[in-house]
Amino acid sequence: MNVTGGFISDERREIVQSASGSDISSKSPRSTQVQGKGSPVNHDRQSRSPIDGRPKKGGCGGKGTWGGLLDTDSSYALDPNDPNYDSSEEYGHPNARKSAPDFDAFKKKATIIVEEYFATDDVDSATNELKELAMPSYNYYFVKKLVSMAMDRHDHEKEMAAVLLSALYADVIDAPQVYRGFSKLVESADDLIVDIPDTVDILALFIARAVVDDILPPAFLKKQIALLPNDSKGVEVLERAEKGYLAAPMHAEIIERRWRVSKKTVEDVKARINNLLIEYATSGDKKEAYRCIKDLKVPFFHHEIVKRALVMAMERRQAEDRLLDLLKEVAEEGLINSSQITKGFDRMIDTIEDLSLDIPNAQRILKSLISKATSDGWLCASSLRSLSLEPRKKLLEDNFTRTFKLKSQSIVQEYFLTGDISEVFSCLEAENRTSSGELNAIFVKRLITLAMDRKNREKEMASVLLSSLCFPADDVVNGFVMLIESADDTALDNPVVVEDLAMFLARAVVDEVLAPQHLEEVGSQFLGTDSIGGKVLQMAKSLLKARLSGERILRCWGGGGSSRPGWAVEDVKHKIGKLLEEYESGGDIREAYRCIKELGMPFFHHEVVKKAMVMVMEKKNDRLWGLLAHCFGSGLITMNQMTKGFSRVEESLDDLAL
């Protein structure tokens with residue numbers, strides 16, 4: 001800068017004038033004179049007048065101008081609806097003094113509304129209270145608060161939160177505010193996980209539910225992933241929502257029913273079905289019967305309506321035509337689908353011998369009902385089991401079997417408390433001395449049924465016990481068939497029964513309790529992809545086909561094939577290397593066998609085979625051959641794992657040759 005005699009040069013004055021838009025040349029030269037040495041700012045005299053002496057628009061031009069190019073004045077107002085708005089700027093902004101208290105007040109009131117809603121379950125009251133706040137620009141915070149509070153509560157409150165969000169969407173909270181609320185939740189996942197260990201899974205399920213309920217666009221997941229650091233928990237949340245929930249077969253039904261706490265028991269539903277059929281048989285009011293069936297909201301249990309209607313038609317011959325007419329109409333209208341109709345008739349065929357004790361000529365009457373239904377076109381007789389053949393082989397239903405069922409329940413409940421597998425062995429040997437396959441299947445069914453009604457810890461324990469029992473594969477298959485046959489009843493108390501059974505079935509394959517071909521044997525008992533068995537089989541196959549399925553399924557309930565938390569793959573490889581080195585240097589074969597077994601990762605035994613063979617090749621010590629032979633002979637390492645281990649060595653021969 002060229003300073004001459006304490007004044008700004010004409011050249012510099014033109015530059016400043018062009019930048020500020022003010023008419024510097026019109027001012028007195030004295031106003032720009034440098035007062036002594038140094039910066040003029042250091043010696044600027046402040047006016048004591050209360051009047052603001054600054055020119056209008058900050059000295060940056062008058063009407064029709066754009067203001068100063070170098071303007072850094074922060075007198076602008078924050079607009080919450082601005083796309084670039086960031087709430088974190090409010091507290092550092094000088095003009096946020098008025099909006100900050102409003103936001104603080106909104107946060108307190110939002111918390112109160114959520115707490116009252118969880119206490120009362122009154123959607124209308126919560127909606128009206130949020131409307132009365134009249135602060136729509138802060139509704140994103142209400143979304144965040146509602147979900148974050150629900151995450152730390154039971155499934156009932158989680159379902160309530162999802163229902164309230166759907167009710168508020170569009171009418172009270174607009175789409176951008178919902179979008180922003182979930183964005184804030186994903187961004188804060190790293191903080192939430194400190195207080196809520198299951199944050200990744202729970203928040204992922206909330207996001208998936210929002211997508212299924214059409215209050216959040218599917219594109220939200222990919223857009224948010226692009227905005228987050230790769231190592232953040234938010235990325236895990238979004239990937240879990242997309243791959244773990246939204247990509248699963250029948251994801252919408254599973255997600256919607258995940259948190260629903262069923263208030264209906266099987267007996268309650270059966271009683272309601274019985275009452276509506278009695279009322280219809282008396283009044284003949286089809287519309288009322290149709291409405292009652294619809295209100296039950298148990299489409300997977302409609303076979304019970306068919307069965308009870310047929311029994312009533314056999315008992316009350318005068319009401320036969322009326323009841324068949326009702327079944328015909330609900331079948332034609334699609335209220336009861338064909339698979340449920342068929343299943344109802346099949347259940348009648350299975351119980352015809354018992355019915356014959358109370359209803360004379362029960363078999364003849366049932367044949368007549370089947371003939372009428374077929375001729376009217378609402379039943380496909382070819383899909384039914386034959387009445388002329390012997391009924392399917394049934395499980396023992398004598399007093400001994402009923403006693404075994406009760407004792408099985410006690411054994412399993414005791415195991416869940418103690419985790420003592422050896423005690424289970426002892427009890428089963430005492431109760432099932434003949435090693436009956438039918439009783440083994442009953443125990444498998446009882447074990448998994450009780451585990452499905454409990455937490456992940458018990459589910460993991462059930463899988464560990466199942467792999468330790470060494471039941472014949474056919475007995476385990478029969479146990480799963482029985483589980484699937486009763487899945488319709490179980491679904492009343494456990495809405496995700498299909499998902500649970502599929503995971504147990506896939507886990508049994510990974511643990512090599514069952515071979516992959518046994519899945520087809522289970523599926524052959526349940527024809528059609530719409531049947532419960534078809535859905536379970538399809539989901540189990542999908543789980544097994546996924547990348548790294550063995551490791552993922554083994555840790556599906558938080559374990560690692562044992563009651564302890566699972567190890568990482570690298571840790572397992574390190575442990576295998578250590579135990580083989582110890583054995584190779586003179587260790588005990590029984591100790592090595594025990595260590596391999598305690599790894600609890602039968603699907604990874606091929607790593608033992610591979611490492612043992614490499615050590616034999618490197619050190620030319622045949623001692624490890626004896627260990628492999630012992631493990632193979634005892635069944636600890638299966639033929640499949642042994643073959644896979646040899647194959648892996650063959651694939652890496654070129655590298656080993658170096």
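E236 has a relative accessibility of 34% and therefore counts as partly exposed, a class that lies between buried (under 20% relative accessible area) and exposed (over 50%), using a 1.4 Å probe and protein chains only. The model is predicted: local features need pLDDT of at least 70, side-chain atom pairs count only at pLDDT 80 or more, and totals for chains, interfaces and linings use all residues. Residues are numbered from 1 along each chain as its sequence is written, and side-chain values use heavy atoms, with hydrogens and water left out.

- The structure holds 23 salt bridges, each defined as a side-chain nitrogen of Lys or Arg within 4 Å of a carboxyl oxygen of Asp or Glu.
- One of them joins the side chains of E236 and K233, with an N to O distance of 3.3 Å.
- Both E236 and K233 belong to helix α10 (residues 233-246), where they are 3 residues apart, about one turn of the helix; helices are DSSP runs (H or I, at least four residues) and strands are too (E, at least two), numbered from the N terminus.
- An α-helix has 3.6 residues a turn, so residues three or four places apart point the same way.
- K233 has a relative accessible area of 25%, so K233 is partly exposed.
- In helix α30 (residues 589-598), R594 and E591 are also 3 residues apart, about one turn of the helix, and their side chains meet in a salt bridge at 2.3 Å, N to O.
- R594 is partly exposed because its relative accessible area is 35%; E591, with 31%, is partly exposed as well.
- Salt bridges with shared partners join E159, R209 and D213 into one network.

- The side chains of E320 and K372 form a salt bridge of 2.5 Å, N to O.
- This pair links distant parts of the chain, 52 residues apart: E320 is in helix α15 (residues 320-333) and K372 is in helix α18 (residues 362-375).
- E320 is buried because its relative accessible area is 4%, whereas K372, with 32%, is partly exposed.

**Helix α15**

- From first C-alpha to last, the 14 residues of α15 reach 20 Å, close to the 20 Å expected at 1.5 Å a residue; the expected span is 1.5 Å times one less than the number of residues.
- The buried residues in α15 are E320, L323, L324, L326, L327, V330 and A331.
- Viewed down the axis of α15, these buried residues fall within an arc of 155°, so they line one face of the helix; the arc is that of the directions from the helix axis to the C-beta atoms.
- On the face turned away from the buried side, α15 carries the exposed residues D321, E332 and E333.
- The cover over the buried residues of α15 includes α12 (266-283), α13 (286-296), α14 (302-315), α16 (338-350) and α18.
- G334 follows α15 and has a positive phi, near 85°.

**Residue E458**

- E458 is located in helix α22 (residues 456-469).
- With 12% relative accessibility, E458 counts as buried.
- Apart from neighbours within four places in sequence, E458 is in contact (heavy atoms within 4.5 Å) with F416 and A451.

**Nonpolar surface patch**

- M617, L653 and L656 form a nonpolar patch on the surface, and together they have about 250 Å² of accessible area.
- Patches are made of residues with over 30% relative accessible area and no salt bridge, like charges being joined within 9 Å and nonpolar side chains (Val, Leu, Ile, Met, Phe, Trp, Tyr) within 5 Å.
- Accessible areas come from the Shrake-Rupley method with a 1.4 Å probe, and for residues only the protein chains shown count as cover.
- M617 lies in helix α31 (residues 605-619) and, at 43% relative accessibility, counts as partly exposed.
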